[in-house]
Amino acid sequence: MARPAKILVFGATSAIAFGTAKLFARDGASLYLCARDEEDLKALSADLTVRGAKEVGYSVFNALDKGSIIRAVDDCLKKFPELDGLLIAYGTLPDQGLCETDIEEMRRAVEINFTSPAIILTYIAGHFEKKKQGVIAVISSVAGDRGRQSNYVYGAAKGALTTFLSGLRQRLGKSGVNVITVKPGFVDTPMTAGFKKGLLFVGPDVIAKGIYRAVKTGKSIAYVPWFWRIIMMIIRNIPEKIFIKIKL
Ligand SMILES: NC(=O)c1ccc[n+]([C@@H]2O[C@H](COP(=O)([O-])OP(=O)(O)OC[C@H]3O[C@@H](n4cnc5c(N)ncnc54)[C@H](OP(=O)(O)O)[C@@H]3O)[C@@H](O)[C@H]2O)c1
């Protein structure tokens, strides 16, 4: 599969997105970065240019502001009408306890982790469909494979995202566009700063390499690291009667 030459990155400040952008910059790709903070975007643009990116543009956006998403996509397509790559890499890990009682917190978590990526994908899908080539990689999570009491609001949003991507893949596959669902396990990033790091944790560059590899090989569903495919197959297959009694 041809490597994308012009890539739009939503959530460019995420540790995983930055790791991935570095790999594509090294290949000489052009990048269009979107994140909440303009100063961060300026610094990232300068860094990725030094690392080999052909051209870098950026837009400020907030996942909770639909208008800013539309503006960012429009500005990107104005700069790169030949856009052939998209990476969506932002998200939040909400406080599950708070989400169980605070309706607004629960709504925000679903909006950031599911509704807003779905808005981006709905708005930009036609561009890829017309172009008849390209690759879209979106970071979901193993948490979306089965709802667990410890994080089912985040898990539900990621599960919805995984389902959305499955349908989009079938639709865009007919136009030669690959849609990749990236499912990381535990990653040591600012998102998990408060977690005790166990054996299953990996660094963001491991996920970045997994995404880069999935793009190059035309993979559709990438569990990263690979062993999460087996772990989640076991978790998905635990009978519900047993599942409700265990603490996960
Ligand atoms: N870390 C893990 O264990 C893990 C596991 C599975 C999946 N994931 C997924 O991996 C992706 C990347 O996360 P990460 O681990 O790299 O964490 P991270 O470094 O903490 O990145 C989170 C990103 O989300 C952005 N963000 C948060 N709220 C936003 C909003 N309202 N609008 C726009 N951007 C917003 C942050 O922007 P600011 O820089 O402005 O704060 C930051 O770029 C996420 O989709 C996450 O769900 C992570």
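This is a predicted model: local features need pLDDT of at least 70, side-chain atom pairs count only at pLDDT 80 or more; totals for chains, interfaces and linings use all residues.
User: How many helices and strands does the protein have, and what radius of gyration does the globule rule give for 248 residues?
Analyst: The protein has nine helices and seven strands. Its radius of gyration is 18 Å, close to the value from the globule rule, so the protein is as compact as a globular protein of that length. Along the principal axes the C-alpha trace spans about 55 × 35 × 35 Å. The counts asked for are thus nine helices and seven strands, and the value that the globule rule gives for 248 residues is 18 Å.

User: What share of the contacts with a separation of 6 or more comes from residues 24 or more positions apart?
Analyst: Buried residues make up 41% of the 248 residues in the protein. Among the contacts with a separation of 6 or more, the share that belongs to residues 24 or more positions apart is 68%.

User: In which order do the strands of the open sheet lie, and which are the edge strands?
Analyst: Seven strands form the open sheet, with parallel pairing, in the order β3-β2-β1-β4-β5-β6-β7. Neighbouring strands of this sheet are turned against each other by 15° on average, when direction is ignored. Pairing on one side only marks the edge strands, which are β3 (56–60) and β7 (221–224).

User: What is the bridge partner of L8 in β2?
Analyst: Strand β1 (residues 6–10) runs parallel to β2, and five bridges join the two. Within β2, the residue that partners L8 is Y32.

User: Which residue of β7 is the bridge partner of P184, and at what angle does helix α6 run to β6?
Analyst: Strand β6 (residues 177–184) is joined to β7 by four bridges, and these strands run parallel. The partner of P184 in β7 is V224. Helix α6 (residues 152–173) lies across β5 (134–139) and β6, and its angle to β6 is about 160°.

User: How many residues surround the ligand, and which are the closest?
Analyst: By class, the shell around the ligand has 15 nonpolar, nine polar and two charged residues. The number of residues that surround the ligand is 26, and the closest are T13, S14, A63, G91 and T189.

User: Is A137 buried or exposed?
Analyst: A137 is found in strand β5. Leaving aside neighbours within four places in sequence, its contacts are L87, I180, V182, I211, A214 and V215. With 25 other C-beta atoms within 10 Å, A137 is classed as buried.

User: Which peptide bond is cis, and what is its omega?
Analyst: Most residues other than glycine have a negative phi, and most peptide bonds are trans. P225, in the loop between β7 and α8 (228–236), is joined to V224 by a cis peptide bond whose omega is about -15°.

User: What is the phi of K132?
Analyst: K132 is found in the loop between α5 (103–131) and β5. With 11 C-beta neighbours inside 10 Å, K132 counts as exposed. Its phi, a positive value in a residue other than glycine, is near 60°.

User: How far apart in space are W228 and G185, C-alpha to C-alpha?
Analyst: W228 is found in helix α8 and is buried, with 20 other C-beta atoms within 10 Å. Leaving aside neighbours within four places in sequence, W228 is in contact with V142, K183, G185 and Y223. Although W228 and G185 are 43 residues apart in sequence, their separation in space is 6.4 Å.

How values were computed. Residues are numbered from 1 along each chain as its sequence is written. The radius of gyration is taken over C-alpha atoms; the globule rule is 2.2 Å times the number of residues to the power 0.38. A residue is buried if 20 or more other C-beta atoms lie within 10 Å of its own, exposed if 12 or fewer, and partly exposed in between; C-beta atoms are placed from the backbone. Two residues are in contact if their C-beta atoms, placed from the backbone, lie within 7 Å. Two strands pair if DSSP finds at least two bridges between them. Axes are lines fitted to C-alpha atoms, for helices over the stretch in contact, and angles run from 0 to 180 degrees between N-to-C directions. A residue is near a molecule or strand if its C-beta atom, placed from the backbone, lies within 6 Å of it. Ala, Val, Leu, Ile, Met, Phe, Trp, Tyr, Cys and Pro count as nonpolar, Asp, Glu, Lys and Arg as charged, and the others, Gly among them, as polar.
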